[in-house]
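Please read the briefing below alongside the sequence and the 3D view.

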Amino acid sequence: MLQPLSAAPTAPAASALQANQDLNVLHWWTSAGERAAADLVAARMAEQGLRWVDGAVAGGGGGGAIKVLNERTLRGQAPQVAQLNGQALREWAELGLLLRLDGVAQRRDWRSTLFPQVMSQLNVREHVVAAPLGIHRINNLYLNLALFRQLKIEPPSDWAGVMRAASALRAAGITPVGFSDEPWQVATVFEAMLLGEAGPALYQRMVVQRDLQAFDDPALERSFKRLREWRNLAAPVSAGSGSNQIGNANPGERRWTELVADFAAGRTAMLISGDWVRGELGALGQEGGRDFECKAVPGTAQAHLFSIDTLAMLAGDGSKQPAQERMAELLGNATLQISYNRIKGSVPVRRDVPVDELDLCAQRSYRLFANPGTPRVPSLVHRMAFDEVGKNAFIETVHRFALDPNQTPAAAQRRLQALLRALGPRPPKALP
Ligand code: GAL
């Protein structure tokens, strides 16, 4: 019997159609703030009939998520969408594993609406291989304002001020600094200090050009000293000691969300971290300017140490491609950009968004990033400069120094030099 032409799809066909709208997304946004930001994207997708099937892998910084992504891909169970940033994105694109999104980029005019730095992150061999989400600033110093006000301590802007504030806090029984020995967190603090000590030009020579001579500079040794000093400010004030002694801290490998919880509750007063912390503070009901102040790490106020979050679409049998492209289009959308980044703590990737709709901390970060005169330097730890192997080796070197009180800053500098020599010069840009 002939089927009428207008027949509704049969049940299996309808479910196949629905399945094509399901996108499995592998990412590492599992904290309250990160989760809320991801949920917002999922909700916007649902309005368009797309389904975000969650594949979160816990672990700040994404070390665990990248391992799972590798495993799944090797087993032929790759997700359709994955959080792949910077050099990781490049590596996956070079292997031919990612969908090209040139059509989306063209339709949505990404070339003129996105910041050029963002556009260049998305481009590999002249093809757009990911959709952008937000720009994080790494070189932030957060201050718990309630504590600073209550104890009448001057909010610091330089290291001398930090040390003065720390000793006043300690005298009042408050642990001055929140710090974790988790490797990626240690190295995140370190790269912000390196920027402060070296300045953007030297930082650029080290991290982007991998100029071996730049690693001889005494700024590197000073950065290791700062790291040690800062970590020691995390030593808890021992109950009843009433002392202002700063000892050796042993903070242990705590999750970054625990540090944020301590900070929000006034158990610590200062925190150096990327601005995903602001997203988390927002999720805890805290507001910049009222509950906390976001300053730059001393010596870095004029610079923007950035990390750009991007979602790549993995190439499959083609059945999901229309859904993947629609998701990519949505991610670049101006309205989504504002609402997502307000929750996440990062700032929009577009040049044409109404800045006043962002909170004050975000406005500062956005304006700095948008200003062509600002030195914008890439985060090594968050994959903007080195490949996964080099990045992990760098993190490991910094981490070992932090944990070993017998290793001198000069010795740590030598280890980094040796590491850089072993990694070799920066790989040349891939040929088109
Ligand atoms: C970064 C990522 C951010 C944030 C952070 C902590 O690598 O770019 O989006 O999630 O890790 O998990």
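Predicted model: local features only at pLDDT ≥ 70, side-chain atom pairs only at ≥ 80, totals over all residues.

Residues are numbered from 1 along each chain as its sequence is written, and side-chain values use heavy atoms, with hydrogens and water left out.

**Domains**

- The chain is divided into domain 1 (18-135 + 307-371) and domain 2 (140-305 + 378-423); such bounds come from an automatic or database domain assignment.
- Between the C-alpha centres of domain 1 and domain 2 the distance is 28 Å.
- The contact between them takes 30 residues from domain 1 and 26 residues from domain 2, where contact means heavy atoms within 4.5 Å.

**The second largest pocket**

- The second largest pocket holds about 370 Å³ of space.
- On a 1 Å grid over the protein atoms alone, a pocket is an open set of points where a 1.4 Å probe fits, with protein on both sides within 12 Å along at least five of seven lines. A cavity differs in that the probe cannot get out.
- Grid points are joined across faces, edges and corners, and the volume is the space filled by probe spheres set on the points.
- Its lining consists of 19 residues, and Gly 63, Lys 67, Lys 391, Asn 392 and Ile 395 lie nearest the centre of the pocket. A lining residue has an atom within 4 Å of a point.
- At least two lining residues come from each of α3 (63-74), α10 (183-207) and α17 (388-403), and α17 gives the largest share, six residues.
- Helices (H or I, at least four residues) and strands (E, at least two) are DSSP runs, numbered from the N terminus.
- Domain 1 and domain 2 each provide at least three residues of this lining.
- Sorted by class, the lining has five nonpolar, eight polar and six charged residues. Ala, Val, Leu, Ile, Met, Phe, Trp, Tyr, Cys and Pro count as nonpolar, Asp, Glu, Lys and Arg as charged, and the others, Gly among them, as polar.

**Asn 139**

- Asn 139 sits in the loop between β6 (131-137) and β7 (140-144).
- Why does Asn 139 count as buried? Asn 139 counts as buried because its relative accessibility is 0%; buried means under 20% relative accessible area, exposed over 50%, and partly exposed in between (1.4 Å probe, protein chains only).
- The Asn 139 side chain reaches the backbone oxygen of Ala 303 at 3.1 Å and the backbone nitrogen of Leu 305 at 3.1 Å.
- Leaving aside neighbours within four places in sequence, Asn 139 is in contact with residues including Ala 192, Leu 195, Lys 295 and Val 297.

**Asp 309**

- Asp 309 belongs to strand β11 and counts as buried because its relative accessibility is 4%.
- The side chains of Asp 309 and Asn 85 make a polar contact at 2.9 Å. A polar contact is a pair of N or O atoms within 3.5 Å; within protein, one must be able to donate a hydrogen and the other to accept it, and residues adjacent in sequence count only if both atoms are side-chain atoms.
- Not counting residues up to four places away in sequence, Asp 309 also touches others, among them Trp 29, Pro 132, His 136 and Lys 344.

**Helix α4**

- Helix α4 (residues 86-94) has these buried residues: Gly 86, Gln 87, Ala 88, Leu 89, Trp 92 and Ala 93.
- They pack against α3, α7 (116-122), β4 (123-124), β11 (304-313) and α17.

- Most residues other than glycine have a negative phi.
- Asp 109 has a positive phi, near 55 degrees, and lies in the loop between α5 (102-107) and α6 (110-113).
- Asp 109 counts as partly exposed because its relative accessibility is 40%.
- Arg 210 is not a glycine either, and its phi is positive at about 50 degrees.
- Arg 210 is placed in the loop between α10 and α11 (218-232), and Arg 210 is buried, with a relative accessible area of 11%.
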